[in-house]
Amino acid sequence: MNRKDRLGGALYLFVGCATAVSAVASTADTAVARGGEGPVDRFLTGLDSTAATPVEARQMLRAKWSQCDGCDPAEFLTQALAVMSPKFREGLDAYDADEYERCAKLMSDLRSDADPFVAVHAAVYEIKSLVALEQLVEAGQRIRQLAEGGGARVTAYSYFAAELEFLDGFCLLADLQYD
């Protein structure tokens, strides 16, 4: 059995576990967000301190969230950030078009953005792009950097904690040396 076959089998096992973890985490995150404690609520509360975003855009985002019954808060937050940051939108478009090198570069530039929501989301999409490019050692390093301090930034500004745990395990598994 070659390395790719072992990695594929391990990935299959990991995906099953991650799907279960992600479903539980997503349900919990949605409940928290609707209770006024999740990243979407912190994002919306901080909108008024974001003078660079036009008033119309801030009002539109608040209205969309208030009309959003049962929508995915993670997807809403990602799309809201794309409205606020054209560079983030460009990076998302590159990711959606499977242009992972371009996405990684764009998102790398945004990791130090002044807006912590944009910075965390950009870091996650850079990591996802690195994984897609099979640059797993570098992706693992980025995950550990982002998760410093127990992952408080990730959980405060995004819904990606479970996905990053999975990706970290995947990167570690892929780096195993078989005899």
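## Helix α10

F166 and F170 both lie in helix α10 (residues 161–174), four residues apart, or about one turn of the helix. Helices here are DSSP runs of H or I with at least four residues, numbered from the N terminus. The model is predicted: local features need pLDDT of at least 70, side-chain atom pairs count only at pLDDT 80 or more, and totals for chains, interfaces and linings use all residues. Residues are numbered from 1 along each chain as its sequence is written, and side-chain values use heavy atoms, with hydrogens and water left out.

F166 has a relative accessibility of 18% and counts as buried; F170 is buried as well, at 11%. Buried means under 20% relative accessible area, exposed over 50%, and partly exposed in between (1.4 Å probe, protein chains only).

## Aromatic pairs

Rings of Phe, Tyr and Trp (its six-membered ring) pair if their centres lie within 6.5 Å; planes under 30 degrees apart count as stacked, over 60 as edge-to-face and the rest as tilted. Eight aromatic pairs are counted by this rule.

The F166 and F170 pair is stacked, with 6.3 Å centre to centre and 25° between the planes.

## Cysteines

C103 is buried at 0% relative accessibility, and C171 is buried at 5%.

Methods:
Helix = DSSP H or I, 4+ residues; strand = E, 2+ residues; numbered from the N terminus.
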